[in-house]
Amino acid sequence: MPLTLRFLGTAASRPTVERNVSAIALVREGETMLFDCGEGTQRQMMRYGISLILGDIFFTHFHADHVLGVIGLMRTMQMQARTEPLSVWGPKGLSRFLQQASVFTGERLGYPITITEVEPGAPIARQGYSILPFAAAHRGATAVGYALIEDVRLGRFHPELARARGVPEGPLWGDLHRGRTVTLPDGQTVDPADFVGPNRPGRRIVITGDTRPCETTVEAARDADLLVHEATFAEEEAPRALETGHSTAREAATVAQQAGVRRLILTHVSARYSRDTSELEREASAVFPGTIVARDGMEIEIAYSD
């Protein structure tokens, strides 16, 4: 089942020539979710092939560089005669923000919008996965991150073992794979444990939004396949990161190391590193080897770990 991330905006605070402001599209089996929606996000979606018929927008917090693009996006959806419902999620204050934003759309929207203010630790259940909001630590804002957590998968079915036991190919194989004891035509009963391996974990993707390094991120990202963590500054600007509620690249890498994640991608890059992120990469990789700094348009596919 394909699961990809497309980075639509990777700049902190303001756009640069190389980078737009914050937005990430997550596409799972054709279902598109948008995490944050900075100014110009709809153009980035068009540029990088992300459908405007998305079902969900998740806000991490309501600072301008993460939200201003939703006004234009909602307006464009209206102009395209959208009728499909849109679900919008975010921390406390979401309803007030969208009421203010709706003033600028110019007319009543022709599609239904469901607004939900999330609570950290309260999962949003979906078919085959859930979205878990967790508390972030961003100065001056009520902020959350999000973890997409897939359900546990069935263990691998071993057809060669089933054939050796005389189990005919067809519905009985499916029953065994789903953990059901079956009876063969000769009256013999067979146990699914003989043909199916242990259950396997689904994938876990964590997107922090703006945050200081914090234990809630470590716990949400425990053994995750991918952690997307903000890294606004290099270590030389550590006091500035602390003052503004952001993280350095080294601090983000330390979170990834503590959580035991498989991969780390850094985003929300200050304009001073917009063209050259080598300093961020070097500092982070010293702690967590193989760290990648995101760029606009970058697509990452997340494979199963087994």
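How many helices and strands does the protein chain have? The protein chain has ten helices and 16 strands, where helices (H or I, at least four residues) and strands (E, at least two) are DSSP runs numbered from the N terminus. The model is a predicted one, in which local features need pLDDT of at least 70, side-chain atom pairs count only at pLDDT 80 or more, and totals for chains, interfaces and linings use all residues. Residues are numbered from 1 along each chain as its sequence is written, and side-chain values use heavy atoms, with hydrogens and water left out.

The C-alpha trace of the protein chain spans about 70 × 50 × 35 Å along its principal axes. Of its 306 residues, 53% are buried (under 20% relative accessible area, with exposed over 50% and partly exposed in between; 1.4 Å probe, protein chains only). Taking contacts (heavy atoms within 4.5 Å) between residues at least 6 apart in sequence, 64% join residues at least 24 apart.

Next comes the sheet. Seven strands form an open sheet with mixed pairing, in the order β6-β5-β4-β3-β2-β1-β16; two strands pair if DSSP finds at least two bridges between them. Its edges are β6 (113-117) and β16 (299-301), each of which pairs on one side only. From one strand to the next, the twist averages 20 degrees; axes here are lines fitted to C-alpha atoms, for helices over the stretch in contact, and angles run from 0 to 180 degrees between N-to-C directions. Within the sheet, β3 (residues 31-35) and β4 (residues 56-58) pair in the parallel sense over three bridges, and F35 has F58 in β4 as its bridge partner. Helix α4 (residues 94-102) lies across β5 (86-90) and β6, running at about 145 degrees to β6.

The interior can be followed through its nonpolar cores, each a set of buried Ala, Val, Leu, Ile, Met, Phe, Trp, Tyr and Cys residues joined through side-chain atoms within 4.5 Å. The largest core has 30 residues, and V206, A221, L227, V261, L264, L266 and L280 have the most contacts inside it. Elements giving two or more residues to this core include β8 (129-135), β9 (144-150), α7 (215-220) and α10 (278-285), while α9 supplies the largest share, six residues. Not counting residues up to four places away in sequence, V261 touches A221, A224, L227, A256 and F288. A second, separate core of 25 residues includes I24, V144, Y146 and I205.
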